[in-house]
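Have the structure open as you read.

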Amino acid sequence: GRSNRTAAALAAYHTAFSAANIATSECRRADRFDRCPDASSWNILRGGKPTRRELSEDSSSDDFENSWVYQHTVNRPFLCEVNPEWIRDTFNLNGLSTQIPHYEICLRRILDYEVGFDKLPPKKQAELEACCETLYGLVHARYITSPEGLDRMRQKYERGDFGACPRALCKGFRLLPVGITDELRLRPVKTFCPNCKELYHVRVRHAATIDGAFYTRTFPHMFLLKYPHLQPKCQPVKYQPTIFGFNVKYPDLPTADDYALQEKAKLEKEQAEARAKEEQAERGKDEEEKEENGSVDPNATSKKEQASQEAKPKAGEPQPTSLLPGVPMDNQTVQPQDAEMKGRDQDPPAQNSSPVQTRT
């Protein structure tokens, strides 16, 4: 039994020694012991303990995996991991305290400070967790437009974490996340294609419910200006419809704003016509009720009565006298009083210049 144990120990020693030699050679190539991937095995083989740096790196990696930021972004490739040091800078969080309830508690929880979160009732925990996610989303919207955040989003973009354009003629051009509005809880995140300049719905389940305000409308365009080499090199290919080889041209349609104005004017016209019909129907009902009850409005006068009242002379005005008794004034015509008045207006008869022959 001892011989077997000794042989096993020698085999393990030779295995460890060979691993240490490989590690040493790699360290010599790197010219720096800190960059050696198997430095911990080298120290343990020599009988020493892990260095303080190795312990800090192991503990920091464990702490980061247990951190709130990592747990909420590890399964969401659309979200970027915000550097905690960037969050601790109060200048970067200016104005957020008025938008988020329980701001101080949420901020401390995001930074993994003890806030007694586990001691709260489940309903309160769910409320605070929602506030924490909203606060992180607003911080995320500011972080991805900073130089550090743009660089991290570039790495995610090059890995294809945001997906490819579903348009066939874009040939798999990579997408960028974008928000339609900067206000919270209005529209979810969409994806923007730099090639065809169109927006598309997110097809990934874990990202379809992310608020579009976590990216704002600014991010993709600032990203492309920061990295111009990621922009498309030529115009996108447009699809040309054809019928048996002949190009088809569809009529030009109005823009969305013009169409909305036309529909609004049409709706207002229909509403005005409906109101006019209702008023006319109500008037008809009122007249029928008056005829049935036999009640006449004393204040209402017909057009004929108004015309007759207007035709009557007012008090103080001279009234015309009738020239022919028994005949209405409208049927009487004024005749000249003297026939000579009529004769004066006519020209005198022309005299005959020829001499009158008398019979003798």
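## Helices α6 and α7

In this predicted model, helix α6 (residues 103-110) packs against helix α7 (residues 122-143) at an angle of about 75°, and their axes are 9 Å apart. An angle from 65 to 115 degrees counts as roughly perpendicular, and α6 and α7 are therefore roughly perpendicular to each other.

Which residues make the contact? On the α6 side they are Tyr-103, Ile-105, Cys-106, Leu-107, Arg-109 and Ile-110. On the α7 side they are Leu-128, Glu-129, Cys-131, Cys-132, Leu-135 and Tyr-136. Sorted by class, the contact of α6 with α7 has 10 nonpolar residues, 2 charged ones and no polar ones.

## Helices α8 and α10

Another helix pair to look at is α8 with α10. The angle here is about 90°, with the axes 11 Å apart, and that makes α8 roughly perpendicular to α10. From α8, the contact uses Leu-150, Met-153, Arg-154 and Tyr-157; from α10, it uses Phe-219, Met-222, Phe-223 and Lys-226. By class, the contact of α8 with α10 has 6 nonpolar, 2 charged and no polar residues.

## The nonpolar cores

The largest nonpolar core has 42 residues, and Leu-135, Tyr-215 and Phe-223 have the most contacts inside it. Several elements each supply at least two residues of this core: α4 (68-73), α5 (84-88), α6, α7, α8 (147-159), β1 (176-178) and α10 (219-226). Which element gives the most to this core? It is α7, with 7 residues.

A second, separate core has 6 residues, among them Cys-165, Cys-170, Leu-175 and Cys-193.

Leaving aside residues up to four places away in sequence, Leu-135 touches Leu-96, Ile-100, Tyr-103, Cys-106, Leu-107 and Ile-110. Tyr-103, Cys-106, Leu-107 and Ile-110 are also among the α6 residues in the contact with α7.

## Aromatic pairs

The model contains 6 aromatic pairs. In one of them, the ring centres of Trp-86 and Tyr-143 are 5.2 Å apart and the planes meet at 75°, so the pair is edge-to-face. Trp-86 belongs to helix α5 and Tyr-143 to helix α7, so the pair ties together parts that are 57 residues apart in sequence. Are these two residues buried or exposed? Trp-86 counts as buried at 14% relative accessibility, and Tyr-143 is buried too, with a relative accessible area of 0%.

Ring pairs also link Tyr-157, Phe-219, Phe-223 and Tyr-227 into a cluster.

## Phe-214 and Thr-134

Phe-214 sits in the loop between α9 and α10 and is buried, with a relative accessible area of 12%. Not counting residues up to four places away in sequence, Phe-214 touches Glu-133, Thr-134, Gly-137, Leu-138, His-140, Ala-141, Ile-144 and Leu-184. The C-alpha atoms of Phe-214 and Asp-182 are separated by 8.1 Å, while the two residues are 32 residues apart along the chain.

Thr-134, one of the residues touched by Phe-214, is found in helix α7. Thr-134 is buried as well, at a relative accessible area of 11%. With residues up to four places away in sequence left out, Thr-134 touches Ile-100, Leu-184, Arg-185 and Phe-214.

## Two positive phi values

For anyone checking backbone torsions, two residues deserve a look. Lys-171 is not a glycine, yet its phi is positive, near 60°. Lys-171 lies in the loop between α8 and β1 and counts as exposed at 73% relative accessibility.

Thr-216 is likewise not a glycine and has a positive phi of about 65°. This residue lies in the loop between α9 (205-208) and α10. Is Thr-216 buried or exposed? At 14% relative accessibility, Thr-216 counts as buried.

## The chain as a whole

Stepping back, the chain has 13 helices and 5 strands. Of its 360 residues, 24% are buried. Among contacts between residues at least 6 apart in sequence, 56% join residues at least 24 apart.

Key
Residues numbered from 1 in each chain as written. Predicted model: local features only at pLDDT ≥ 70, side-chain atom pairs only at ≥ 80, totals over all residues. Heavy atoms only, no water. Axes fitted to C-alpha atoms, helices over the stretch in contact; angles between N-to-C directions. Helix = DSSP H or I, 4+ residues; strand = E, 2+ residues; numbered from the N terminus. Parallel < 35°, antiparallel > 145°, perpendicular 65-115°, else oblique. Contact = heavy atoms within 4.5 Å. Nonpolar A, V, L, I, M, F, W, Y, C, P; charged D, E, K, R; others polar. Core = buried A, V, L, I, M, F, W, Y, C linked by side-chain atoms within 4.5 Å. Buried < 20%, exposed > 50% of the residue type's maximum accessible area, 1.4 Å probe, protein only. Phe/Tyr/Trp six-rings, centres within 6.5 Å; stacked < 30°, edge-to-face > 60°.
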